[in-house]
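Please keep the viewer open as you read.

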Amino acid sequence: MLDTASEPVAERRAAPAWRPAVVLGAVLTLLYAVVLLCDLSVPQPVDHSRYMDAARSFPSRPKDPIFDHQYLRIGLTGPTALVMKVFGYSEVTYHAFPVAAALLLFASVYAIGCLLFGRLVGALSAAVLGCVGIVVVAGTELLPDLPATALFTAAVALTVAVREGLLPWRRLWLVVIGVLLGWSYLTREFIVFVWPLVPALLWRRIGRWEWLWGLVPVALTGIGETVLNAHLYGDPLARLHAGSGLGDLPSRPEVARTFHDLPLWVYLWRLPQQLGHLAEAPGMLLLLALTVVAGVYVAVRLVRRTSTLPERRVGVFALWLMLLWVPLTLEGGVLNPAHPKLRLQLLRYWYPIFPAFVLGGIAALWVAVRALRPAGRRRAGAVISCVAVATAALAVVGRPGIPGWIGSDRVRSDALPEFRSWLARSPARTVWVDVKLFRILPIYFVTSTGHRIWHGRMRPMTSSARPPSGDYVVVYSVGGDACPRCGDAARAVLPSVPPTWRPVMTSHDHLLHVWRVG
C-alpha cells in the first residue's frame, strides 16, 4: 500500500532521533489544550443533553424510543458516566471526554504526518485541523462524532508505527489498536466504514496469526454489546436497527426538504457544499481537492507501476477519504432519495475524513513541490506553511460575511457561569425558564466540579404555566448563537417583557437576563 515491499513481517528497525518530534508534539498538544480550555462551548439542549441524561442513568434505555440511538452509544455515555460518578451533573462531566478526545485527535494527526512525511507536515496538519471552527466547538461538546474520529485516528497512528517497525511488543500494540477500533464503533457506529484502512496498512507487514491480536478485542466488543442490548432492549442488534433508522425519525417539513427527494448531484456534492459554508472554506476545499487529485494521480501511477513511495503514502489519505465518502453518499440519498438514512448536510457526520483530507492535502502539496524542485525542501515547507497559516487564520478570525470561531458566542459566552455566581448569592427560590434552557441550566446549579451551590426549584415556562409574583425569570441567548434553540424558545414563550417585571441581573455579554416578577 505504502510501498512495494512484500516481506511478511515488519522487523523492528533502529529508532530515528525521535525525541525532538515527541517534545514538539507534546508542546503543541499542551498549547492546543489551552486553546480548548479557554474556549469551552456552551452546552446545548438537544442531543448533547440527551447524552448527559444517558450517562446519568447508564446503563439504561430511554423512556422514549426515539432517543434509543443516543443511549446505545455507550462508547460515549460510558466514560461520561464514570466522570459523572466523581463530578456529578457538571461542566467537568460535560466537557471532560470530548476535550480528551480532541487532544487525542490532535496528537494522532501530528503523529501520522510526522511518521510519514516529517515534523513540519505533522505539525501543520494538526494545527490546521485543530483550528477548524467546528472542530474547536466539537472538541468541547458532548457528541459522539469527534471522539469516534479521534479513537480511529489514534488507531491509524499506531498502525503506521507498527507498520514501520517502530514499536516494541508489537502484539500488545495490535491489541490496543483493536480496543481503539471497538471503542470507536461503540461511540459512533458508521466509523466502521473507514476501518478497512487499518488492515490495508498492515497487509503483509504482520504475521498471519498476529491478526488475531487485533481481531479479538473487536470481536469481544461486538459480543459484549449484543449481550448488553439483548438485556436492556430485548434485541441483540438494537444499535444497528436504531442507527439504520435515523433517516426515518420525525423531521419538521422545512428540515425534511433539505435531504429528501433531491437531485442526484446534490447528494454527490454535499461535502464540498457544506465545507463552503465555513469561514475557512477556501483552505479546506483546496486541501480536499488536492487529496482527491492526488488519489487519482497515484491510482494511475500504480496501474502503470511507476509510483514512488511518497506518492503512495499520499494515496493512503485518498483511500481513507473514499472509504467514508462512498457509503455515506450512497446511504445519504443516492440509493433511496425518498428515504435517506442520514442527513449529509450535517458536517459532523463527515468528521472521520477530516484528518484524511487535511493530512492528504498538505502532504500532496509537500510532495508535489519537492517533485518539481527535488532540492526544494525549503520551498515546499514555505508553500505548505502559507496554506496552513492562511487556512487556520480564516478559521479563527473569519472572512467577509463569515466570522471565525473566536468571535462566536458559542465558545466565548460566560453568561451561564455569571448566572451561577449570581444565583449562589441571590434570594431566588424559584426560577422560571423556557423549555430548552430547562434542559441545560441544571449544570449551572453546581460548581464546575459538581458542588451544589443552589437548592431552589426550576420550573419550565409555557403558555399555560406562568410565573407568580416574587419568582424569577431567566432568558438566554436571544439574538445570539450561544444557544440558538434557547433563544427561539424564549422568544416564543416571552415575546415581550411585562412592565411590572424588575430586571435584577444581566450578563456582561448581554445574552442572559434575569427579572423578578412584579
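Gly75, Leu76, Pro79, Thr80, Val83, Met84 and Phe87 in H4 are in contact with Val92, Thr93, Ala96 and Phe97 in H5, contact being heavy atoms within 4.5 Å. Sorted by class, this contact has eight nonpolar, three polar and no charged residues; here Ala, Val, Leu, Ile, Met, Phe, Trp, Tyr, Cys and Pro count as nonpolar, Asp, Glu, Lys and Arg as charged, and the others, Gly among them, as polar.

The model is predicted: local features need pLDDT of at least 70 and side-chain atom pairs pLDDT 80 or more, while totals for chains, interfaces and linings use all residues. Residues are numbered from 1 along each chain as its sequence is written, and side-chain values use heavy atoms, with hydrogens and water left out.

Now turn to helix H9 (residues 170-187), where you will find Thr187. Is Thr187 buried or exposed? Its relative accessible area is 0%, so Thr187 is buried (under 20%; exposed is over 50%, and partly exposed lies in between, with a 1.4 Å probe and protein chains only). The side chain of Thr187 reaches the backbone oxygen of Trp183 at 2.8 Å. Beyond its neighbours within four places in sequence, Thr187 touches residues including Gly75 and Leu76, both of which also take part in the H4 contact with H5.

Finally, look at Gly224 in helix H11 (residues 211-233). With a relative accessible area of 36%, Gly224 is partly exposed. Its C-alpha atom is separated by 9.8 Å from that of Pro236, twelve residues apart along the chain.

Key
Helix = DSSP H or I, 4+ residues; strand = E, 2+ residues; numbered from the N terminus. Polar contact = N/O pair within 3.5 Å; in protein donor to acceptor, adjacent residues only side chain to side chain.
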